[in-house]
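Biologist: I have a chain to go through with you. Can we take its contacts, cores and helices in turn?

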Amino acid sequence: MSTPHVVVVMGVAGTGKTTIGPLLAARLGVPYAEGDDFHPPANIAKMSAGIPLDDADRWPWLDAIGGWAHERAGLGGVVSSSALKRAYRDRLRAAAPGIVFVHLTGDRGLIEERMAHRQGHFMPTALLDSQFATLQPLEPDEPGVAVDVSGSPEEITARAVSALRDLERSSARSSQ
């Protein structure tokens, strides 16, 4: 990509944000920030106990991610964040207007299977239903792309890079 954007890798738990994010950052030649690292301890404790976060829990987390994205504006970067609701993405865009989203999407069964096999993560599979219930997919006026999570991490990353390049070409044509 010619312009160093900040890319938010988004989606429900288990779609591979933590796997795809660093691979995408490496392919784009920019730093990666793990969205989970921006959660305050109270949020992690809540999710570990199987309690979904509410909006009040998420605002400080989103503000911290938005702050990182703002600092990376013009430099580029990749950060993971579920960014499940339009309001969350709007908040991130308010902090860093040039953000572009990569929405990792996939079959619920595949995502649940992957969640069941991952090690050392605080998010239990029991919260997957609440994640899907909360999810508001990207709308046409939101800068971003949807990328299917079937296949290997390398295949998913290649699809994301290709989709981002297509989005950039499309944006460049429409701004002429």
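Biologist: Leaving aside neighbours within four places in sequence, which residues is Leu104 in contact with?

Modeller: Keep in mind that this is a predicted model. Neighbours within four places of Leu104 are set aside. What remains in contact with Leu104 is Val9, Met10, Gly11, Thr15, Gly16, Lys17, Ile20, Val147, Val149 and Ile156.

Biologist: Which element gives the most to the largest nonpolar core?

Modeller: That core has 25 residues, and Leu104 is one of those that touch the most other members, along with Val7, Leu24, Val78, Val102, Val147 and Leu164. Elements giving two or more residues to this core are strands E1 (6-10), E4 (100-105) and E5 (144-148), and helices H1 (17-28), H5 (108-117) and H7 (153-174). The top contributor, with 5 residues, is H7.

Biologist: Within what arc do the buried residues of H3 fall?

Modeller: The buried residues in H3 are Asp57, Arg58, Trp61, Leu62, Ile65, Gly66, Trp68 and Ala69. Viewed down the helix axis, they line one face, because they fall within an arc of 155°.

Biologist: At the start of H3, which backbone nitrogen does a side-chain oxygen of Asp54 reach?

Modeller: The side-chain oxygen of Asp54 comes to within 3.1 Å of the nitrogen. That backbone nitrogen belongs to Ala56.

Biologist: What span does H3 reach from its first C-alpha to its last?

Modeller: H3 has 17 residues. At 1.5 Å a residue, 24 Å is expected. The model comes close to that, at 24 Å.

Biologist: How do the rings of Trp59 and Tyr88 pair: stacked, tilted or edge-to-face?

Modeller: The centres are 5.6 Å apart, and the planes stand at 85°. Angles over 60 degrees count as edge-to-face. So the Trp59 and Tyr88 pair is edge-to-face.

Biologist: How many residues apart in sequence are the parts that this pair ties together?

Modeller: Trp59 is partly exposed, at 25% relative accessible area, whereas Tyr88 is buried at 1%. Trp59 lies in helix H3 (residues 55-71) and Tyr88 in helix H4 (residues 86-95). The pair therefore ties together parts that are apart in sequence by 29 residues.

Definitions and conventions: Residues are numbered from 1 along each chain as its sequence is written. This is a predicted model: local features need pLDDT of at least 70, side-chain atom pairs count only at pLDDT 80 or more; totals for chains, interfaces and linings use all residues. Side-chain values use heavy atoms; hydrogens and water are left out. Rings of Phe, Tyr and Trp (its six-membered ring) pair if their centres lie within 6.5 Å; planes under 30 degrees apart count as stacked, over 60 as edge-to-face and the rest as tilted. Helices (H or I, at least four residues) and strands (E, at least two) are DSSP runs, numbered from the N terminus. Buried means under 20% relative accessible area, exposed over 50%, partly exposed in between (1.4 Å probe, protein chains only). A nonpolar core is a set of buried Ala, Val, Leu, Ile, Met, Phe, Trp, Tyr and Cys residues joined through side-chain atoms within 4.5 Å. Contact means heavy atoms within 4.5 Å. The expected span of a helix is 1.5 Å times one less than its number of residues. The arc is that of the directions from the helix axis to the C-beta atoms. A polar contact is a pair of N or O atoms within 3.5 Å; within protein, one must be able to donate a hydrogen and the other to accept it, and residues adjacent in sequence count only if both atoms are side-chain atoms.
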